[in-house]
Number of protein chains: 2
Amino acid sequence: MKGPAQGQQALDLPGAVPAALRAALSDDRLARAAWSRLAEPGDPAAARLVAEVGAPLALEAVVAGRGPDRWRVRLREADPTADLAAVRAAGGRLLVPGDEEWPTTLADLDLDGTGERPLGAPFCLWVRGPAHLAEVTARSAALVGSRAATGYGQHVASDLAAGLADRGFAVVSGGAFGIDAAAHRAALAVRGVSVAVLACGVDRSYPSGNAALLSRLATEGALVSEVPPGTTPTRWRFLERNRLIAALTRGTVVVEAAWRSGALSTADRAERLMRPVGAVPGPVTSPASAGCHRLLRERAAVCVTSAEEVAELLGELGAEPLTAPRVERRPFDGLDREELRVAECLPRRGSADLERVARDAGLDLAAVQAVLGRLELSGHAVRAQDGWRRGVVS
Amino acid sequence: MKGPAQGQQALDLPGAVPAALRAALSDDRLARAAWSRLAEPGDPAAARLVAEVGAPLALEAVVAGRGPDRWRVRLREADPTADLAAVRAAGGRLLVPGDEEWPTTLADLDLDGTGERPLGAPFCLWVRGPAHLAEVTARSAALVGSRAATGYGQHVASDLAAGLADRGFAVVSGGAFGIDAAAHRAALAVRGVSVAVLACGVDRSYPSGNAALLSRLATEGALVSEVPPGTTPTRWRFLERNRLIAALTRGTVVVEAAWRSGALSTADRAERLMRPVGAVPGPVTSPASAGCHRLLRERAAVCVTSAEEVAELLGELGAEPLTAPRVERRPFDGLDREELRVAECLPRRGSADLERVARDAGLDLAAVQAVLGRLELSGHAVRAQDGWRRGVVS
């Protein structure tokens, strides 16, 4: 029976504890599963309450009619046992803090290092796929970018993902078309580990055009979400999903992003978590790269152009020295400035005497004499009739 | 008569002052012209000596057989009066420090701000063209890059040069093919001022393929060099020329440069002179942009993608606010995070009551009620039968 005397319980709540939630009141795992349905991702008050009193007690408070009504209005649809059964039916599992497979890097989401409110760790993670989430994300890179990627962007995403997978990094991204899909496909192609963090339940294929890719990730890598099975994606959930991509990885690289792009929000979350952020440059004539250039200009993003540079960004120091690109060898390579000046003043035909060389080079006679001795040894200078001419060095 | 007793004068110097140098011993302008022939650009000892005792006395010392022999061996070919006549014959002039047209920013070349040896100011400048050098360089940008520029690089160089010229900046570059030529042509095309700093005499056309462009610069902008008329270009002179490009301008932008490129040395000189350095990104798949990306990664270069951003780099603050590129307007633009969450939960057809919307959005009833009021005003929400549906906002 309802009445004004019941105050906040006027939201047609049953007086008794809903049957589906009874077990959750004494079980952290079930209670966290229930919270993942009661509160939207990134709800700061819910995260705080669960962190302070634990998920079961926090749940009991809601059942008792306390706390904001946004949680209470969802009590009737919370059935963590059914959600667990659903994820198991899809071959998946539920992870909660304390599990061996729980990625401890997510704890950074509860820090407020930059003075802003913490981003909020998820209550739990719903996971499908053989990858051991804690292990693979401990050495992982987020590769993110636009759905409306260009051929250039997809090419670079593939290159980076394959190169990172070759170096033993897991690739973490969303499940969208464009950069996300190109990165996953390339990582899987070289038998690397790829992880898609979704804004919907891990039993759903969104977007449906990526159904085959998502199902491959579910059997060869991992699908991860903080919302329970069956949940539909919303813009809000995509935004909050981005904090998980940032927190699960050692750093975030934006491969291609327009001036306004969700990928920039992932970069922003990574920056707030003190994770390194990389941006891949592109033609300034391409609006599809404007967001990357914006990160390079306005934020602390580092310009990255290869998997090697991304590995360096992620702190892979000393593992392999960064190499300059292979460049054409030129005749005067390896000469110091004085040697270069003298070598250049030697005639290709005929000969020039010491004083002539010194005058042309603008160097002292003694210096030129010493330099010519060195150039003779390296083959750059050859003694000729009355002086010197240039040697041919291949 | 020569003999061992004459010591350093053994370099078959005439005992008397060469006739061509007599006037220079009491004339700063002529003496500086002579020094521009005796010493190679950037000769630190020559710059120091001239700075300390003045050009005429320094010259007298050399004539008297003192100082390094690299200056003395060139005494015989020094004829400043003839050089002056040559530059005048080419319609040009000689500038020395103290002249009203002398760019005072060159004085920075004698500072050793970074603890390294100063780069060394030129003794004088040989100039052709109507531009007032001090005035135009006071508001100028260096646009530099590879000779082997791609179509992309030349396109961007043209865009930046035209945009800078439109904003009243003079464009300063070398006289080479590729980026240099594209920048000059575009600046001239919009009736801007363009200045080429050469590694050879201003009476020479090097490379000869740019003869028409150089002669246009000589009649509409300026050709500038620190070496006297007739001098041939050498690698050394190109390198030292770069310090003049850096010192004459308010900042240097590398438009396109390979991993090894002379343009990077101009950027290095600009950095040593505490001038801002910009780099234009390009496709990471293009070796022609590798030097620009290197500057962004390894140096303090700023990523620039438009003339507007270059102007900002050069300290053009507040003149015009940097604008975001024109982007497509989207239906939910302008909504805050809560409004977005509520708007997204409104059905397109039929209706949803307050509690249903609150449950879907994961927000409190009171908050949703307030938000719906705002969304109704903006047209994003429409009252329907028993609740609300989504409004269509164009």
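I take helices (H or I, at least four residues) and strands (E, at least two) as DSSP runs, numbered from the N terminus. This is a predicted model: local features need pLDDT of at least 70, side-chain atom pairs count only at pLDDT 80 or more, and totals for chains, interfaces and linings use all residues. Residues are numbered from 1 along each chain as its sequence is written, while chains are lettered from A and ligands numbered from 1 in the order in which they are written.

**Entry: the two copies**

I superposed the copies by least squares on the C-alpha atoms of residues with pLDDT of at least 70 in both. Chain A can be laid on chain B with an RMSD of 0.1 Å, by a turn of 180° and a shift of 0.0 Å along the axis. The two copies are thus related as by a two-fold rotation axis.

**Entry: where they meet**

I call two residues in contact if their C-beta atoms, placed from the backbone, lie within 7 Å. How many residues of chain A are in contact with chain B? I found 43 residues of chain A in contact with 43 of chain B. Helix 13 of chain A gives the most to this side, with four residues. By class, the side of chain A that touches chain B has 23 nonpolar, seven polar and 13 charged residues. Here Ala, Val, Leu, Ile, Met, Phe, Trp, Tyr, Cys and Pro count as nonpolar, Asp, Glu, Lys and Arg as charged, and the others, Gly among them, as polar. The copies meet through the same surface, because 100% of the interface residues of chain A are also interface residues in chain B.

**Entry: the sheet in chain B**

I count two strands as paired if DSSP finds at least two bridges between them. Nine strands of chain B form an open sheet in the order 1-2-6-5-4-3-7-8-9, with mixed pairing. Strand 1 (92-95) and strand 9 (302-303) of chain B stand at the edges with a single partner strand each, so one side of each is left without a neighbour in the sheet. Strand 1 of chain B runs antiparallel to strand 2 (residues 125-128) of chain B, and four bridges join them. Arg93(B) has Val127(B) as its bridge partner in strand 2 of chain B.

**Entry: helices against the sheet**

Axes are lines fitted to C-alpha atoms, for helices over the stretch in contact, and angles run from 0 to 180 degrees between N-to-C directions. Helix 10 of chain B lies across strands 2, 5 and 6 of chain B, at about 100° to strand 6 of chain B. Helix 12 (residues 262-272) of chain B lies across strands 3, 7 and 8 of chain B, at about 160° to strand 7 of chain B.

**Entry: helix 9 of chain B**

Is helix 9 of chain B mostly covered or mostly open? It is mostly covered: nine of its 11 residues are buried (20 or more other C-beta atoms, placed from the backbone, within 10 Å of a residue's own). Among the buried residues are Ile179(B), His184(B) and Leu188(B). The buried residues of helix 9 of chain B pack against several elements of chain B, including helix 8 (151-166) and strand 4 (170-173). Arg191(B) follows helix 9 of chain B and has a positive phi, near 60°.

**Entry: a hairpin in chain B**

Strand 10 (residues 381-384) and strand 11 (residues 387-390) of chain B pair in the antiparallel sense over four bridges. A hairpin of two residues joins strand 10 of chain B to strand 11 of chain B. Ala384(B) has Gly387(B) as its bridge partner in strand 11 of chain B.

Technical notes
A residue is buried if 20 or more other C-beta atoms lie within 10 Å of its own, exposed if 12 or fewer, and partly exposed in between; C-beta atoms are placed from the backbone.
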